[in-house]
Amino acid sequence: MTFKRILLKASGEALMGSQGFGIDVAVVDRIAADIAAVHAKGVEISIVIGGGNIFRGVAVASRGGDRVTGDHMGMLGTVINALALRTSLVKLGVEAVVLSAIAMPELCESFSQRAARAHADAGRVVIFAGGTGNPFFTTDSAGALRAAEMGAEALFKGTQVDGIYSADPKLDPTATRYDRLTHSEVLDKRLAVMDIAAVALARENRIPVVVFSIHQPGELERILDGRGRATIVSD
Ligand SMILES: Nc1ncnc2c1ncn2[C@@H]1O[C@H](COP(=O)(O)OP(=O)(O)OP(=O)(O)O)[C@@H](O)[C@H]1O
Ligand SMILES: O=c1ccn([C@@H]2O[C@H](COP(=O)(O)O)[C@@H](O)[C@H]2O)c(=O)[nH]1
């Protein structure tokens, strides 16, 4: 797979390591090292960071709370993760910038497509925070959206599992893994590794989606070299 420009949707949940909540700095450092290795090879990589390690709006809604406020809390969580990831990248000597869909100028720059492209063209790793900036979405949708805006050749979803299965492998031990699928098959079979809006947006923009385990050190680079383990979704 010879991609020169990719968007990585990095799992927020992965950042908590074995702690059960929040940020394990050693895990963030390791993921940053994987990103740095790919960046060092000349691949343009930008990142949408999730927030599942901190807060998900549905958790509020399921307890009768206000979904919109819950989603705002979730998006704020992604900003915390983005700042942690930037810190780890900078420690490795990688120039990185956080652009947030929700303005908080004291902490980071605000998102605009033009600013994002300018940073990427200058060789910086761009980290997108705040999801899409809208409630009722997820960072998967933000991943597909930013991939389209950046002109990414592929959307890499680094998640808890090593690909897409016939059912959630965490719940169904008999689930079987796919090597390849089309976007339409993911939607028709209701394979819930990624939300429907994200897959539909990727399909509409003909962006392949590569689902892999973010827990495997070096996996991103191996996949780009054609040696890694992943499910590839393309038409
Ligand atoms: N058919 C399927 N194939 C693979 N995984 C599936 C499938 N259905 C459900 N899943 C589950 O989807 C999860 C990924 O969902 P999700 O995007 O919410 O988590 P994440 O990647 O950790 O992101 P974040 O923490 O940023 O929200 C996997 O960990 C897996 O358990
Ligand atoms: O565009 C978006 C993106 C995210 N949210 C909220 O943030 C949390 C965390 O994101 P994950 O994708 O689950 O990691 C999400 O559950 C939503 O509550 C949002 O509202 N809009």
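Visitor: In which sense do β1 and strand β2 (residues 44-49) pair, and over how many bridges?

Guide: This is a predicted model. Within the pair, L7 stands opposite S46 of β2. β1 and β2 are parallel, and the number of bridges between them is six.

Visitor: Why is strand β1 (residues 5-10) described as largely enclosed by the rest of the structure?

Guide: Burial here requires 20 or more other C-beta atoms within 10 Å of a residue's own. β1 is largely enclosed because, of its six residues, those that are buried number five.

Visitor: In β5, which residue is the bridge partner of S46?

Guide: β2 and β5 run parallel and are joined by three bridges. S46 of β2 also has L7 opposite. On the β5 side, the bridge partner of S46 is V126.

Visitor: Which residue stands opposite V125 in β5?

Guide: Strand β3 (residues 96-100) runs parallel to β5, with five bridges joining them. Opposite V125 stands A96.

Visitor: Which residues of β5 are buried on one side, and which on the other?

Guide: Strand β5 (residues 125-129) has five residues, and five of them are buried. Both faces are therefore accounted for by buried residues. One side carries V125, I127 and A129; the other carries V126 and F128.

Visitor: Which residues have the most contacts inside the largest nonpolar core?

Guide: That core has 69 residues. L155 is in contact with L7, K9, G143, A144, A147, A202, I207 and V209, leaving aside neighbours within four places in sequence. The residues with the most contacts inside the core are I47, I127 and L155.

Visitor: Which element gives the most residues to the shell around ligand 2?

Guide: Among the 22 residues around ligand 2, those that come nearest are G50, G57, D71, G74 and G131. Two elements give two or more residues to this shell, α3 (67-91) and α5 (139-150). With six residues, the element that gives the most is α3.

Visitor: What distance does α3 reach from its first C-alpha to its last?

Guide: α3 has 25 residues, for which 36 Å is expected at 1.5 Å a residue. The model comes close to that, with a reach of 37 Å.

Visitor: Which residue just after α3 takes a positive phi?

Guide: The phi in question is about 85°. The residue is G93.

Note on methods: Residues are numbered from 1 along each chain as its sequence is written. Chains are lettered from A and ligands numbered from 1 in the order in which they are written. This is a predicted model: local features need pLDDT of at least 70, side-chain atom pairs count only at pLDDT 80 or more; totals for chains, interfaces and linings use all residues. A residue is near a molecule or strand if its C-beta atom, placed from the backbone, lies within 6 Å of it. Helices (H or I, at least four residues) and strands (E, at least two) are DSSP runs, numbered from the N terminus. The expected span of a helix is 1.5 Å times one less than its number of residues. A nonpolar core is a set of buried Ala, Val, Leu, Ile, Met, Phe, Trp, Tyr and Cys residues joined through C-beta atoms within 7 Å. A residue is buried if 20 or more other C-beta atoms lie within 10 Å of its own, exposed if 12 or fewer, and partly exposed in between; C-beta atoms are placed from the backbone. Two residues are in contact if their C-beta atoms, placed from the backbone, lie within 7 Å. Two strands pair if DSSP finds at least two bridges between them.
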